[in-house]
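Good morning, and thank you for coming. I would like to take you through one protein model, step by step.

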Amino acid sequence: MFEEASEVFDNMFKSSFPLTFIVFIPAVLILVSPLPAEAAHEFTVYRMQQYDLQGQPYGTRNAILNTEARTVEAEVLSRRCVIMRLVDFSYERYQKALRQSAGAVVIILPKNMSTMPQDIVQFMELEPEMLATETIVPVYFALEDDELLSIYTQTLTSSSSQGSSSAAEVLIHTATANGFQMVTSGAQSKAVSDWAITSLEGRLAGTGGEDLPTIVLVAHYDSFGVAPWLSYGADSNGSGVSMLLELARLFSRLYTYKRTHAGYNLLFFVSGGGKFNYQGTKRWLEDNLDHTDSSLLQDNVAFVLCLDTLGNGDSLHLHVSKPPKEGTAQYALLKELETVASNQYPEVKFSMVHKKINLADDTLAWEHERFGIRRLPAFTLSHLNSHREVQRSSIMDVRPHVDLRKLSRNTKLIAESLARVIYNLTEKGAPGDLQIFTEQMMQEEQLSSVVDWLTAQPRAAQLVDKDSSVVSTLEYHLGRYLKDVRRHYVKADKRDPEFVFYDQLKQTMNAYRVKPAIFDLLLAFCIAAYLGVIYLSIQKVVERLYAKSP
Amino acid sequence: MLGLAHNQSFECAGREDASKLVGEFASVGLPGNMTLFHFGNCFALAYFPYFITYKCSGLSEYNAFWRCVQAGATYLFVQLCKMLFLATFFPTWEGGAGVYDFVGEFMKATVDLADLLGLHLVMSRNAGKGEYKIMVAAMGWSTAELVMSRCIPLWVGARGIEFDWKYIQMSFDSNISLVHYIAMAAVVWMFTRYDLPKSFRLPVTVLLGLCVYKAFLMELFVHVFLLGSWTALLVKAVLTGSISLCSLFLFVTLVHSN
């Protein structure tokens, strides 16, 4: 038959040249065509943090994946992609996967995270531990949907049955079950060069001559979590930023009227890179104190108040690095806060927490320590007792974590105390329960909408660049109430960078159904048997046909 | 990956470990080049029965290859005409997604009568015994259908990483088509015989109608009974088998009675 075929093709070649082109060009094109990718399921995965801070690497180093899926119950995990659900997640299992140098770990987060508070708390505790050591294994987070769940259950049944049954059962099982190959699109992660962290400042100038004292209000707007694309940072520090904007609005209203225009300059600073050791604040201070001739920060600074995580809880802690001395404006604010809290908001437990700045630590504790290092009187107000609390850097910190009534109560408290300091009300004999800001002035809907907007997108420092909508919207908002709104950029130093960010933080993962190698061999065997039967039966039929005919 | 399984085998001992080893080997993932093996499997399943039929029916002794290619070219031409006809005279039916347009699909299936005409054309151009004509026409026709409608999906799809049973089903389907076209060619040949006895007219016509509308009947079954893909394949095989057995019986009777 092949001789005849070659004859035919020879004729075809000799007879008409264009015909062969028509036949062969499509054939060649089809042969060399790239394979279309038809996956069983395609979903977005969010990679764990990867950054260097002050030369120290943190997080996962790898971003490529092309391995088979397993769950943690399987015996062999090395170079496989381990899939875990959040309900089954525990640190020992995670360590087991890392020890066996798994190809990757994919953690499936449930759609509705608030339904299982136990798991959430446990996971929040584990987040810093996961980030503490640098690992080669890429860790991904995926949001659960039905197909992903079915992939997980199928992988679970095949993984957990591996060690227990006999060889025959295993063979049958591999013939019928589905394996999954997980492949990520995208390249290996590399450092992002020239990333600019943006911060914003604005001011309200006081009245009554030169050399007025300045009060600085600071809040950092970025968020942090084990996965940058999933860190919404509602309480930490969306609450701080929304409170800052509300204070800006209130005091700008007061400052428009001559009668209420006070003799203090108010400087508002929304800083970026706060979760990465307060990079925005650090560079802003350097620029203002070292590189400019005159700046509000160089002259008379009354105090710096940093707002950090104030959206919940019934306690308020004023964190200081040096207890304020009597007679300073710092001390006055401390006293006013105590007065207002005890008189107007008795449910709030107010206290001062004294923690010395420890320069030997890897990172600074609170934002006020940056100012403290430059000898500016500063403190941080927070409902958290310690800077090590896991709520400050968790992906579970989403909008429901902010209690709007408590946030607005805290805002009122701070606004009242600031007003009493600025207008010197205690010296003038105003009683402790005098409310300066009436109900109409405080706009809870505005607070609520700002918090909602802030928590609608992830605000990790690696994701907010200078063209980001977060920055421009904040700039616009500040511009409505403050004067001289300016941007301030921080870029890492070229030779000795304080921070290095990496890309490939959000990737698409494809799950392909695959069958094990032995399945193809089994199939080939069956097909060979089938073809043998066909051959024999055709031969029989032909024999009988030709035997009957004369 | 296979190397890793090998290394592990040297450390294992005992029966449990052996079964574990089998499990580990069995579950070694499929690298990219093994999927070519799967394509090879499907292609072998699809194509070898054709090869076997060609060899065993003795066509190779008659140098029938070129004639089969001509029959295949006629197939292409007939399919082209059918497509043009359908595109011109049957507008796209804008109806609901789930409702099955019985009448429309029935009319479209009637166009498949052109297949019969094409087979008749091929057979009338070939001189020779009845079986020779039938086999040449059927082989050329079904091989052309195999190349046109199955090879490309197999090449594109079965080589990919993703595994799907539909490629094996497609290959089985091509086997069934071969039998179907042999039966169809035989029935057409019998229908055009001038010396067909009266008693055979009716069964031959019925079989002819069944051949043409077999595809329509299959879609009907799948739609009404909501058959799974493997069940549908089985039903198709049974249907084709019964048609071919009837036509074989009639053919043998006709040939022996002469």
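Which salt bridge do the side chains of Asp403(A) and Arg405(A) meet in, and at what distance, N to O? They meet at 3.9 Å, where a salt bridge is a side-chain nitrogen of Lys or Arg within 4 Å of a carboxyl oxygen of Asp or Glu. Arg405(A) counts as exposed because its relative accessibility is 59%; buried means under 20% relative accessible area, exposed over 50%, and partly exposed in between, with a 1.4 Å probe and protein chains only.

Before I continue, a word on the basis of these values. This is a predicted model, in which local features need pLDDT of at least 70 and side-chain atom pairs count only at pLDDT 80 or more, while totals for chains, interfaces and linings use all residues. Residues are numbered from 1 along each chain as its sequence is written, chains are lettered from A and ligands numbered from 1 in the order in which they are written, and side-chain values use heavy atoms, leaving out hydrogens and water.

Let us turn to the domains. Chain A is divided into domain 1 (40-190 + 504-515) and domain 2 (196-491), with bounds that come from an automatic or database domain assignment. Taken over C-alpha atoms, the centres of the two domains of chain A are separated by 39 Å. Their contact (heavy atoms within 4.5 Å) takes 23 residues from domain 1 and 21 residues from domain 2. Between them the domains bury about 2000 Å², 73% of it on carbon and sulfur atoms; buried area is the accessible area, with a 1.4 Å probe, that two parts lose on being put together, summed over both. Gln49(A), Met124(A) and Glu127(A) supply 29% of the area that domain 1 buries against domain 2, more than any other three residues. The count of salt bridges between the two domains is zero.

The largest nonpolar core has 66 residues, and Leu247(A), Phe251(A) and Leu305(A) have the most contacts inside it. Such a core is a set of buried Ala, Val, Leu, Ile, Met, Phe, Trp, Tyr and Cys residues joined through side-chain atoms within 4.5 Å. Helix 7 (residues 234-256) of chain A gives the most to this core, with 11 residues; helices (H or I, at least four residues) and strands (E, at least two) are DSSP runs, numbered from the N terminus. Not counting residues up to four places away in sequence, Leu305(A) touches several residues, among them Val216(A), Leu318(A) and Phe379(A). A second, separate core of 42 residues includes Leu53(A), Met84(A), Leu86(A) and Met124(A).

I return to charged residues. How many salt bridges does a search of the whole structure find over all chains? The search finds 28. In one of them, the closest N and O atoms of Arg203(A) and Asp484(A) are 3.9 Å apart. Arg203(A) lies in strand 9 (residues 196-204) and Asp484(A) in strand 16 (residues 483-491) of chain A, so the pair ties together parts that are 281 residues apart in sequence. Salt bridges that share partners join Glu201(A), Arg203(A), Asp484(A) and Arg486(A) into one network. Another salt bridge joins the side chains of Glu369(A) and Lys355(A), at 3.5 Å, N to O. Glu369(A) counts as buried, at 1% relative accessibility, whereas Lys355(A) is partly exposed, at 25%.
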